[in-house]
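Please walk through the charged side-chain pairs of this protein, and explain which parts of the chain they bring together.

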Amino acid sequence: MNVELIGLTKRYGATLAVDAIDLKIPSGSYCCLLGPSGCGKTTTLRMIGGHEAASGGEVVIGPRAVGDAPPALRGTAMMFQSYALFPHLTCRDNVAFSLRMRGTAKAERRAKAMRMLDLVQMSHLADRLPAQLSGGQQQRVALARALVTGPKVLLLDEPLSALDPFLRVQMRVELKRIRAELGLTFIHVTHSQEEAMALSDLVVVMNGGRIEQAGAPRDVFERPASAFVARFIGGHNVIGLPEGTVAVRADRMRLGDAAGPDAVPARVVAVEYRGSSVQVVLESEALTGAGSLSAVLDDGTFASRPLAPGDVVALGWDRTAAHRLRA
């Protein structure tokens, strides 16, 4: 189901948390709202779901503006950061609880709960209590509980933040599989650039209650609209030149003999080994206002000509790799 935000605004007294944002999320897409703490992404999610009243603007879900409609009448379901499973109920009964509140017959709600548990690969643990589950298993149960009412739009508030790195990667795969299988629209709040890039087909970068940039992950990474987006997405150097400010991907920076004719001297500040690649952090007095810079080299290239903190090396980049940022 399509979701559209039109001039959506939220004020808390004198504080403007969300500043008249406009956004179209196509039906069946995976949209990630990405940004630092306090940027307005969770408030936006809560307004879409009806858990927070908008101060202005409209939320349109499918063919209609939902106005002040309660969450149950919006066709949405929310999966909160805290899984909040009932400790005294089994997995099956946790998933079936919202159907029980709606008066669904016992046999029907238990059958639906088992179908959802099967979808998230948890049906074999249907009779366990939450305390008997791992964090990743609890998350799957919470996801099944959100899906059991048949929403058209699933809202996820930092659902992977409590998981260890291995489980986060595993659950990213599962979330994409489930979205594709059910054909739902997913709107997912995260502060993790890696998570947003891996999951979404529409990434929305927010800052100070506004949308800095919205687009396909590759487009946002290759062509950040502003210095904020380039820095927050990561993997870029923001460099001030006489003709304006540009972003250059760290893996497009060149060191030593490969630096090219426009190279400037730079001092190595730190070297970080990352397995298949090595990140070299540098400073250059020739590039005013750039702050620290980074170059990512493949492991073989670095091993052939290793660098250490304190070394001075030529630093450059191919001019075609420089992306102009808006003022």
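**Salt bridges across the chain**

Asp318 is partly exposed, since its relative accessible area is 29%. In this predicted model, the side chain of Asp318 meets that of Arg254 in a salt bridge, with 3.5 Å from N to O. The pair links distant parts of the chain, for Arg254 belongs to strand β13 (residues 253–255) while Asp318 sits in the loop between β17 (312–317) and β18 (322–324), 64 residues apart. Arg254 is likewise partly exposed, at a relative accessible area of 34%.

This pair belongs to a set of 20 salt bridges that the structure holds. Another of them joins Arg249 to Glu222, whose closest N and O atoms are 2.5 Å apart. Here too distant parts of the chain are linked, with Arg249 in strand β12 (residues 244–249) and Glu222 in helix α7 (residues 217–222), 27 residues apart. Arg249 has a relative accessibility of 14% and therefore counts as buried, whereas Glu222, with a relative accessible area of 22%, is partly exposed.

A further salt bridge is formed by Arg140 and Glu174, the closest N and O atoms being 3.6 Å apart. Because Arg140 lies in helix α4 (residues 135–147) and Glu174 in helix α5 (residues 165–182), this pair ties together parts that are 34 residues apart in sequence.

Definitions and conventions. Residues numbered from 1 in each chain as written. Predicted model: local features only at pLDDT ≥ 70, side-chain atom pairs only at ≥ 80, totals over all residues. Heavy atoms only, no water. Salt bridge = Lys/Arg side-chain N within 4 Å of Asp/Glu carboxyl O. Helix = DSSP H or I, 4+ residues; strand = E, 2+ residues; numbered from the N terminus. Buried < 20%, exposed > 50% of the residue type's maximum accessible area, 1.4 Å probe, protein only.
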